[in-house]
Amino acid sequence: MFVLHHDGYRFVMAKTVGDFIHERMRAWGVTRVFGYPGDGINGITAGFEHAEARASPATGGARKRGAVEENESPRFIQARHEELAAFMAGAHAKFTGEVGVCLATSGPGAIHLLNGLYDADTDHMPVVAIVGQAATTAMGGSYQQEVDLQALFKDVARNYVTTVTSPAAVRHAIDRAFRIALSERCVTCVIVPKDVQEMPFETPPHEHNTIHSSVGYLAPRVIPREVDLKRAAEVLNAGEKVAMLIGAGAINASSEVIQVADILGAGIAKALLGKAALPDDTPGCTGSIGLLGTKPSWDMMKNCDTLLMVGSTFPYSEFLPKEGQARAVQIDLKGRNLGLRYPMEVALEGDAAESLRALLPYLKRKPNRAFRQELETGMREWRETLTAMAQTPAKPLNPALVFHELNKQLPDRAIFTADAGSTATWYARYLDFRAGMMGSLSGSLATMGPAMPYAVAAKFAYPDRPVFALAGDGAMQMNGLNVLITVKKYWK
Amino acid sequence: MLVLNNRDLNMVTWELRAQAAEPKFDAAQVLPDFPYAAYADSLGLMGLRVDRPEEVAKTWETALKADRPVVVEAVIDPEFPMMPPHVTLKEAKAYALAVLKGDPDAKHMIGETIKTALASIFGKPGK
């Protein structure tokens, strides 16, 4: 539908719902939307095209590579498959802290998104999925490419999924999807039937049955109450052998973790998603934990009398102390993650950095450093084991050697993505992270296929930083080879 | 971009061996070979295939200096063991059982596996 209106001296196209969605995403600070086109979202992709044409009218919308005008943003990034677009949106959130956005057409396109959305959901990433639907005039008619999208997305986007059936409802649908994704750290979904996308946008009138929403989300400061911090400090001060386990929630709490561990004489193990939360050469750091972890992490958990868990939902209980072995304190931004993996004596809901900072004044420096020194000796021996393992002959190459040699050449500020499978083990054990590096993989869903699309999203977000995608041949054959075509399309 | 080419769905193969005491099931586990580096070249990217230990360091040097995206294809041994940090008796037994049941190609690595297991348990190889 083309709607013309006169703006005083010429006829121009009225702003459609599709145009408004683009404009509103810009207001939310979105720079990139990862997607794949389809006729169920033509009215939305037209919004991107109109914005590009407005940004570069002289060239008919053709843009110099890499030069993105501010009023053209967000830009449409074409993936090879909707699942890859969803992985990219999740990775954008992981590496930037911003909300990730993906766009897919009705029916098959929407179904393809699912695995990538579940990956974002299970790793608590804010992602908004915008999907097309059959026209409102055909909905409920078993029309071509019509599936029950509300039901399809109801689990992965359980916090918010809505279908926009009126141009006056699109504003609050978009606003709520972004705000809920950011405040709940979850996946949300806005379904827009194709005829609605092409209708002229309507600002909701000031009357009954209208919603008046706005843009913007400011993350709060979340700190436990002082009385609870003191109780936590009592537990930690009473212990002789303190083990810390940190995860993705501690990624911006590096200096606080170091200070707390120093005062407590604690060792620090890192869950896989928290690999970048602490430089590996930090005193007392025992590296990764779990099946793909280190022996000192294992020893620490077997021998500790106190556990401090920060920003982690590390699932494997056999790698944690036995129930009753250790008194335990946990800090997590989400109350629902507390007391989940080990019985906690004091479970604190709060931001990792803020809460640890608030805890510090109550902690007493432990004079006995023996526990930590033992772990440091253990780490030196573990590193020798790793080197010996990497030098073991194999036919033809030893996979550990490939990572051992890469580790010697890691550039500053590098970003790593790893796939599920044995690759994740070598990534976990052999790469020593330094301050300023980033790394991620599919932590909770542990799906195959994220390494390559994650790397593409990382490179878009940080074009000047070296990005490494580490994948096995299984993941490459499943989807990585197709991502190489996306790399070819955009790398220049 | 690194591709570990071992023609095997390796983690699951090791899980079969260590947890289920089952040998590698070729019909499910073996992957077809594919020329990853040559494919990267065909796209105008850089492909580097490495299958000799003495060339691994040099390959990374070349990759890090490249003027374009690089695919490093490392041809690796599918039988190199995936060892947990602490090898329990139960897992070692399961592994031995899998080999006895006639795992098609695990035999040549059993020596390495035991060596690695000892290194994991005692901290230093052979100590």
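A residue counts as buried when its relative accessible area is under 20%, and because A:Trp298 has a relative accessibility of 18%, A:Trp298 counts as buried. The model is predicted, and it holds 16 aromatic pairs over all chains. In one of them, the rings of A:Trp298 and A:Phe319 have their centres 5.4 Å apart and their planes at 70°, so the pair is edge-to-face. A:Trp298 belongs to helix 10 of chain A, whereas A:Phe319 lies in the loop between strand 12 and strand 13 of chain A, so the pair ties together parts that are 21 residues apart in sequence. A:Phe319 is buried as well, with a relative accessible area of 3%.

Another edge-to-face pair is formed by A:Phe460 and A:Tyr490, at 5.2 Å centre to centre and with 70° between the planes. Both A:Phe460 and A:Tyr490 are buried. An aromatic cluster brings the two chains together in A:Phe416, A:Tyr427, A:Phe433, A:Phe468 and B:Trp60, and over the ring of A:Phe433 sits the charged end of A:Lys275, 4.8 Å from the ring centre.

The chains also meet through strands, for strand 17 of chain A pairs in the parallel sense with strand 1 of chain B over three bridges, with B:Val3 as the bridge partner of A:Ala471. Strand 1 of chain B pairs in the parallel sense with strand 3 of chain B too, over four bridges.

Helix 13 of chain A has nine of its nine residues buried, and these pack against elements of both chains, including helix 12 and strand 17 of chain A and strand 1 and helix 4 of chain B. The N-terminal end of helix 13 is capped by A:Asn398, a side-chain oxygen lying 2.7 Å from the backbone nitrogen of A:Ala400.

Definitions and conventions: Residues are numbered from 1 along each chain as its sequence is written. Chains are lettered from A and ligands numbered from 1 in the order in which they are written. This is a predicted model: local features need pLDDT of at least 70, side-chain atom pairs count only at pLDDT 80 or more; totals for chains, interfaces and linings use all residues. Side-chain values use heavy atoms; hydrogens and water are left out. Two strands pair if DSSP finds at least two bridges between them. Helices (H or I, at least four residues) and strands (E, at least two) are DSSP runs, numbered from the N terminus. Buried means under 20% relative accessible area, exposed over 50%, partly exposed in between (1.4 Å probe, protein chains only). Contact means heavy atoms within 4.5 Å. A polar contact is a pair of N or O atoms within 3.5 Å; within protein, one must be able to donate a hydrogen and the other to accept it, and residues adjacent in sequence count only if both atoms are side-chain atoms. Rings of Phe, Tyr and Trp (its six-membered ring) pair if their centres lie within 6.5 Å; planes under 30 degrees apart count as stacked, over 60 as edge-to-face and the rest as tilted. A charge sits over a ring if NZ of Lys or CZ of Arg is within 6 Å of the ring centre and within 35 degrees of the ring normal.
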